[in-house]
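Hi,

Here is the structure I promised to pass on. Have a look at it first, and then read my notes below.

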Amino acid sequence: MTDTIQGLLEAGAPLTYNPAEAGVVVGDVNTKRRAVLELRGRGVWSEEVAGGVDGARKGKGREGEEDGLVKVVRIKWVTEMLERGEEVDMGEWTVYVGWKVAPPAMKEKEEEDEDEDEDGEGGPVRKKVKREIEDGAGDARATALLKSPGQSILERARLDAQEHGARSSPHPYNIHSHSSYRRHHTLEIRRRSEPPRPPPLLRHISTSEFEQTHTLAQLRTVPDYVSKNLKYSCLRNTPLKSPNLHFISLLQTIKLARTFSLDAIGIRAYSTSIASIAAYPYPLLSSAELSTLPGCDGKTSSLFHEYIHSTPTPVDEEDENRTIRVVQELEASEEFTTLRMFYGIWGVGAHTAREFYFQRGWRSLDDVVEFGWNSLSRVQQIGVKYYEELNKHKIPRAEVERIADIILATARKAGGEKWDGIVCGGYRRGKDQSGDVDIVLSHPEESLFEGNVGGKGGAAVEWVGRIVGELENAGWVTHTLYLGRGGGFGSQRIDPATHRATTAVHDAHDKDTLAKAMLVWQEQEYNPPPLGGNGKNRNLHRRVDIILAPPSCAGTAILGWTGATTFERDLRRFVEKKWEWKFDSGGVWDRRTGERVRGLGDWRGMEGEGLVECERRLLEGLGVGWREPEMRNTG
């Protein structure tokens with residue numbers, strides 16, 4: 001299908017993904033009944049033209065309504081034209097010809113509008129739904145329909161996820177199912193009398209504008225990952241700066257909403273689309289062009305169509321005012337913005353953010369402090385205390401480098417000059433500013449790390465403890481959030497790509513148990529100087545992670561902690577599919593035997609190999625090939 005779309009684009013065909021705009025609809029359809037149902041399922045109601053194509057040509061339809069004609073044609077008609085390289089009459093391939101008509105629901109809606117009450121509460125259907133909710137008989141979807149868009153967007157996402165089987169049971173903290181929640185929001189509904197908003201108007205482009213856009217698209221060289229339909233983001237370059245960055249940022253907001261609704265399928269889908277768009281080297285000009293990218297489905301194309309036509313600016317010109325309605329609703333929603341604020345607390349994931357909002361009813365950081373301070377973990381208390389510093393003040397590259405130099409110097413002071421290290425995360429991928437500092441340390445002698453993989457505690461934890469102790473004594477470390485093996489707090493585990501705590505159950509082959517320390521850091525040179533000569537350090541607090549990797553898995557640790565998230569996810573999927581291996585920061589494992597795959601990710605430091613060369617050899621051994629860290633910015 002992708003080849004067919006590309007062929008139509010190259011032939012200059014004006015394509016649309018909205019059937020209401022189309023005069024010809026192409027599909028794998030063989031009967032009139034199926035054609036009518038397919039059109040109706042996509043919101044297009046029609047009445048058959050007597051005589052089919054001939055009847056339409058002879059004017060047996062409705063006078064003056066030629067633009068309302070819709071034809072459903074077998075896809076074979078398109079492939080036949082592309083093979084011949086010339087136009088082919090669609091007569092024998094036409095399945096159905098009809099006139100577009102208003103759907104029956106529109107007539108019912110007009111009648112309801114006429115009967116609308118003076119108080120603005122709406123027609124009889126809306127009243128009926130409200131009565132059902134007030135009586136406790138209304139379902140969650142009815143409640144979501146009656147809410148304002150900003151309030152209900154997250155709930156609608158949750159309901160959609162349930163319908164598609166994203167989760168088998170509601171979340172225990174989902175207060176939406178409680179009768180008290182329904183009563184509260186029913187009162188809110190009564191207070192609101194906002195008129196229903198009209199659907200967004202589709203912008204029709206002129207012939208000259210279409211030809212200009214089509215010409216620009218034809219001048220482009222199709223990237224290999226598009227022509228070869230490479231779905232794994234680890235197999236393509238993804239630079240830091242994308243020409244479609246603004247649209248990507250809007251998709252990331254929607255993806256975050258899916259995170260808060262615990263929609264794992266939606267998160268993966270948006271992550272895939274974002275990574276594919278981020279790798280595309282040209283500004284997207286149309287939804288048809290976007291649909292050719294691997295992993296970009298009809299939903300993403302529809303969002304882009306709305307985005308690119310949300311302002312009157314020509315599609316080939318940038319406009320930061322372009323937007324998507326669902327993102328506007330999210331940004332106006334108290335629920336979404338509050339969940340996002342709680343999610344920014346270090347040590348708080350999506351589940352805990354939902355607990356704060358839905359179960360405990362908190363709406364601000366002040367609520368957290370006033371009503372729940374003693375119930376927070378120590379890590380969460382530190383996250384609240386330094387919320388502004390850790391979230392709103394990024395770390396410039398020069399400061400990242402200074403922190404790394406101090407840590408490496410401390411490690412060498414404690415254990416000798418053979419210690420080496422490399423800064424990972426966003427810094428290594430080329431970002432000007434980082435949210436935190438991740439540094440992987442290693443030593444070429446495996447014996448120093450005995451007990452790091454497969455045992456409890458061991459020399460590696462002792463080493464990281466010694467390094468952190470030196471840093472604390474020097475005043476650089478103000479708080480130690482975690483020190484040990486694995487990555488979690490209790491039963492939790494830290495995902496190295498996102499730095500978020502997760503309680504997901506990992507299989508028996510999960511050997512990502514590297515020794516690490518998660519710290520709060522503060523620069524000791526006073527800048528700005530202390531106020532009033534009281535000697536108080538006013539420098540910003542920073543988040544720093546130190547990871548100790550033995551030489552047997554130094555390469556996998558560096559690769560795993562460099563990211564980005566989707567790159568790592570697709571790398572794991574690729575390795576599993578191609579080799580039946582499991583990749584994580586602690587090594588590469590054979591899923592069939594549970595044994596480590598030797599020779600992959602090991603650092604040959606005693607032979608003079610550098611850490612970067614070790615990672616390069618690992619990527620080539622995995623079958624991915626070397627990709628510069630600056631080309632792994634998949635999001």
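N229 is found in the loop between α11 (224-227) and α12 (245-260). Its phi is near 55°, a positive value in a residue other than glycine.

Before I go on, a word on what you are looking at. This is a predicted model, in which local features need pLDDT of at least 70 and side-chain atom pairs count only at pLDDT 80 or more, while totals for chains, interfaces and linings use all residues. Residues are numbered from 1 along each chain as its sequence is written, and side-chain values use heavy atoms, with hydrogens and water left out.

You'll find L262 in the loop between α12 and α13 (264-279). With 13% relative accessibility, L262 counts as buried. The other spot is a cis peptide bond between G563 and A564, with omega about 0°. A564 sits in the loop between α25 and α26 (565-579). For context, most residues other than glycine have a negative phi, and most peptide bonds are trans.

**The whole chain**

The protein chain has 27 helices and 15 strands. Helices (H or I, at least four residues) and strands (E, at least two) are DSSP runs, numbered from the N terminus. Of the chain's 635 residues, 49% count as buried. The accessible surface comes to about 31400 Å², and 49% of that belongs to carbon and sulfur atoms; the areas come from the Shrake-Rupley method with a 1.4 Å probe, and for residues only the protein chains shown count as cover. Among contacts with a separation of 6 or more, 68% are between residues 24 or more positions apart. Contact here means heavy atoms within 4.5 Å.

**The five-stranded sheet**

In what order do the 5 strands of the open sheet stand? The order is β6-β8-β13-β12-β9, and the pairing is mixed. Two strands pair if DSSP finds at least two bridges between them. β6 (420-423) and β9 (477-485) are at the edges with a single partner strand each, so one side of each is left without a neighbour in the sheet. On average, neighbouring strands of this sheet are turned by 20° against each other, direction ignored. Helix α20 (residues 378-385) packs on the sheet and touches β9 and β12, its direction making about 145° with that of β9. Helix α25 (residues 554-562) packs on the sheet too, touching β6, β8, β12 and β13, and its direction makes about 175° with that of β8. Axes are lines fitted to C-alpha atoms, for helices over the stretch in contact, and angles run from 0 to 180 degrees between N-to-C directions.

Take a closer look at β13 (residues 541-549). 9 of its 9 residues are buried, so β13 is largely enclosed by the rest of the structure. H541, R543, D545, I547 and A549 point one way from β13, and R542, V544, I546 and L548 point the other way. β8 (residues 437-442) runs parallel to β13, joined by 6 bridges; V437 stands opposite V544, and S442 has A549 as its bridge partner. β12 (residues 515-522) runs antiparallel to β13, with 8 bridges, and K516 stands opposite I547.

**A hairpin**

β14 (residues 581-584) and β15 (residues 587-590) pair in the antiparallel sense over 4 bridges, and a hairpin of 2 residues joins them. D584 has G587 in β15 as its bridge partner. From β14, W581 and F583 point one way and K582 and D584 the other, and all are buried.

**A helix crossing**

Finally, the axes of α22 (residues 397-415) and α24 (residues 459-473) come within 9 Å and cross at roughly 115°. The contact is made by I406, I407, T410, A411, K413, A414 and G415 of α22 and W463, R466, I467, E470 and L471 of α24. These divide into 7 nonpolar, 2 polar and 3 charged residues. Ala, Val, Leu, Ile, Met, Phe, Trp, Tyr, Cys and Pro count as nonpolar, Asp, Glu, Lys and Arg as charged, and the others, Gly among them, as polar.

Cheers

Notes. Buried means under 20% relative accessible area, exposed over 50%, partly exposed in between (1.4 Å probe, protein chains only).
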